[in-house]
Amino acid sequence: MRALLDLVFPPRCAGCDAPGTLLCDECRLAVARIDPASACPRCGAPLGGYAVCAECQGSTFAFSAARCAATLEPPVSRAVVLLKDGGERRYAGVLAELLAGCAGGWLDPEDVLVPVPASPSAVRRRGFDHAADIARELGRCVDLPVLRPLRSTRGADQRALGRSDRFANRQGAFEVDGACGLRQAVLVDDVFTTGATFDAAARALTGAGVTRVRALAVARSV
């Protein structure tokens, strides 16, 4: 089906718009990857040589650690937009490959990948859940199971809100359907901004008995 799709609708590079590929070799090299060795272990932001993270200083998270593949800039930012707003679901695989590259040695065999669910209105508008697509492709890359125990209880537009308002806006935004029975969960989403969405999702999981929750995002907004 993917080969047929590529034939009918030829892919174009998210970076330079070159035909025949979703991300060409040159643009792949241009991705602003975040080195885990020099990133904040709590929120995944690049530290830039500083001992204290300016991004998450003073924040309290329900997840124990986070890792992000790249900063939110082209070509990654455009690939995210093409997936979410352009309906180009083939980019989920590209973004999952970036995640798999940054999560090497960080994921455990006991981990279960849990996508952070989009709001019901966003799913209706797009016709799919972008985080679920990324998590499914990532599961194939790293050979880990993917479960979807979380349900979004309401939509919440975060774009015009400050840091503290984002956390308040996301309180109680997720619920766990039934008894999920998980011990270790790794939340998967496209972008980590303040961590408010990941925090709300993690609180729902820990409230359902999950003992260890971490966060994994394709891009870090800094």
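Colleague: Before we start, what should I keep in mind about the model?
Modeller: The model is predicted, so local features need pLDDT of at least 70 and side-chain atom pairs count only at pLDDT 80 or more, while totals for chains, interfaces and linings use all residues. Residues are numbered from 1 along each chain as its sequence is written, and side-chain values use heavy atoms, with hydrogens and water left out.

Colleague: How many helices and strands are there in the protein chain?
Modeller: The protein chain has eight helices and six strands, taken as DSSP runs numbered from the N terminus (H or I, at least four residues, for helices; E, at least two, for strands). Along the sequence they follow the pattern α-α-β-α-α-β-α-α-β-α-β-β-α-β.

Colleague: And what share of the residues counts as buried?
Modeller: Of the 222 residues of the protein chain, 49% count as buried, where buried means under 20% relative accessible area, exposed over 50% and partly exposed in between, with a 1.4 Å probe and protein chains only. Among contacts (heavy atoms within 4.5 Å) between residues at least 6 apart in sequence, 72% join residues at least 24 apart.

Colleague: Switching to rings, how many aromatic pairs does the structure hold?
Modeller: There are five aromatic pairs, counted for rings of Phe, Tyr and Trp (its six-membered ring) with centres within 6.5 Å; planes under 30 degrees apart are stacked, over 60 edge-to-face and the rest tilted. The pair of F61 and F63 is stacked, because the ring centres are 4.5 Å apart and the planes are at 15°. F63 also forms an edge-to-face pair with F198, at 6.3 Å centre to centre and 70° between the planes.

Colleague: What about α8 itself, which of its residues are buried?
Modeller: The buried residues of α8 are A196, F198, D199, A200, A201, A202, A204 and L205. The helix covers residues 196–207, and its twelve residues reach 16 Å from first C-alpha to last, close to the 16 Å expected at 1.5 Å a residue, the expected span being 1.5 Å times one less than the number of residues. After α8 comes G209, whose phi is positive, near 105°.

Colleague: Where do the buried residues of α3 sit around its axis?
Modeller: In α3 (residues 76–84) the buried residues are V76, S77, A79, V80 and L83. They cover an arc of only 160° around the axis, which puts them on the same side of α3; the arc is that of the directions from the helix axis to the C-beta atoms. They pack against β1, α4 (91–102), α6, β5 (184–192) and β6 (212–220).

Colleague: Last one, V186: buried or exposed?
Modeller: V186, which is in strand β5, is buried, with a relative accessible area of 0%. Leaving aside neighbours within four places in sequence, the contacts of V186 include W106, L113, R214 and L216.
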